[in-house]
Amino acid sequence: MIIKAITGKIMRSLEAFKGSKPIYDRNDLLIVRGICRDKRFEEYNSIKEYLEDKLKENGFEIVNNREDIELFVEKIDEKLGGRDNCIYPDTFGFERLKRSFEEMGCLCDYVIGRKGDITVGICMWYDKIKREPKFVEVICC
């Protein structure tokens, strides 16, 4: 239940709660996708800076350590079905996700944060030219 509350609070801070949809909600893992409508986004120099600020606003410590991020991806993968049913094609799944969006002509970045036992990853992407809509996906476990 705490994972839903945390994810909801983060989606609200991104002004993405309205119309957001859970993609996965089982095994203490929640993945929600929505559209960021926060007008203050334009005040930031980058997606990463904006997402880091949002996680800090919500009391999270930013995780930049590659090993900790890999552990988070492994935890997600395990909750999604284990190593035999690998969803992410590489151990460092967030980087692969970012590259795939960039190859499609989008700007994309992600941030990982931790608060106690809870880890959250936020990814944002949007078309380089149109700059709208700003899709966000929050992964919490």
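**Notebook: a look through the predicted model**

I started at Leu-51, and leaving out residues up to four places away in sequence, I found that Leu-51 touches Leu-14, Asp-109, Tyr-110, Val-111, Ile-122, Cys-123 and Met-124. A reminder to myself before going on: this is a predicted model.

**Entry: the cores**

Next I asked which residues have the most contacts inside the largest nonpolar core. They are Ile-10, Leu-14, Leu-51, Leu-55, Val-120, Ile-122 and Met-124, in a core of 25 residues. I then looked up which elements give two or more residues to this core, and noted H1, S2, H2, S5 and S6. S5 gives the most, with five residues. Apart from this core I found another, of 19 residues, which includes Ile-69, Val-73, Ile-112 and Ile-139.

I traced the strands and got an open sheet of six, in the order S1-S2-S6-S5-S4-S3, with antiparallel pairing.

**Entry: S5 and its two partners**

I wanted to know how many residues of S5 are buried. The count is nine of 10, so S5 is largely enclosed by the rest of the structure.

On one pairing, S4 and S5 run antiparallel over 10 bridges. Within it, I picked out Gly-113, whose bridge partner in S5 is Val-120. These two strands form a hairpin with two residues between them, and Gly-116 in the turn has a positive phi of about 60°.

On the other pairing, six bridges join S5 (residues 118–127) to S6 (residues 134–140), again antiparallel. Here I noted two bridge pairs: Ile-122 with Val-138 of S6, and Met-124 with Val-136 of S6. S5 and S6 also form a hairpin, with six residues between them, and Arg-131 in the turn has a positive phi of about 60°.

**Entry: cysteines**

I checked for disulfides and the structure holds zero. Cys-36 is in none, and its nearest cysteine sulfur, that of Cys-123, is 12 Å away. Cys-36 counts as buried, at 4% relative accessibility.

How far is the sulfur of Cys-106 from the closest cysteine sulfur? I got 7.6 Å, to Cys-108, which is too far for a bond. Cys-106 is buried as well, with a relative accessible area of 11%.

**Entry: Ser-20**

Last, I looked up where Ser-20 sits, and found it in the loop between helix H1 (2–13) and strand S1 (21–26). Is Ser-20 buried or exposed? Its relative accessible area is 18%, and the cut-off for buried is under 20%, so Ser-20 counts as buried. A polar atom of the Ser-20 side chain lies 2.7 Å from the backbone oxygen of Phe-17. Setting aside neighbours within four places in sequence, I listed the contacts of Ser-20 as Met-11, Val-32, Arg-33 and Gly-34.

Definitions and conventions
Residues are numbered from 1 along each chain as its sequence is written. This is a predicted model: local features need pLDDT of at least 70, side-chain atom pairs count only at pLDDT 80 or more; totals for chains, interfaces and linings use all residues. Side-chain values use heavy atoms; hydrogens and water are left out. Helices (H or I, at least four residues) and strands (E, at least two) are DSSP runs, numbered from the N terminus. Buried means under 20% relative accessible area, exposed over 50%, partly exposed in between (1.4 Å probe, protein chains only). A polar contact is a pair of N or O atoms within 3.5 Å; within protein, one must be able to donate a hydrogen and the other to accept it, and residues adjacent in sequence count only if both atoms are side-chain atoms. Contact means heavy atoms within 4.5 Å. Two strands pair if DSSP finds at least two bridges between them. A nonpolar core is a set of buried Ala, Val, Leu, Ile, Met, Phe, Trp, Tyr and Cys residues joined through side-chain atoms within 4.5 Å. A disulfide is a pair of cysteine sulfur atoms within 2.5 Å.
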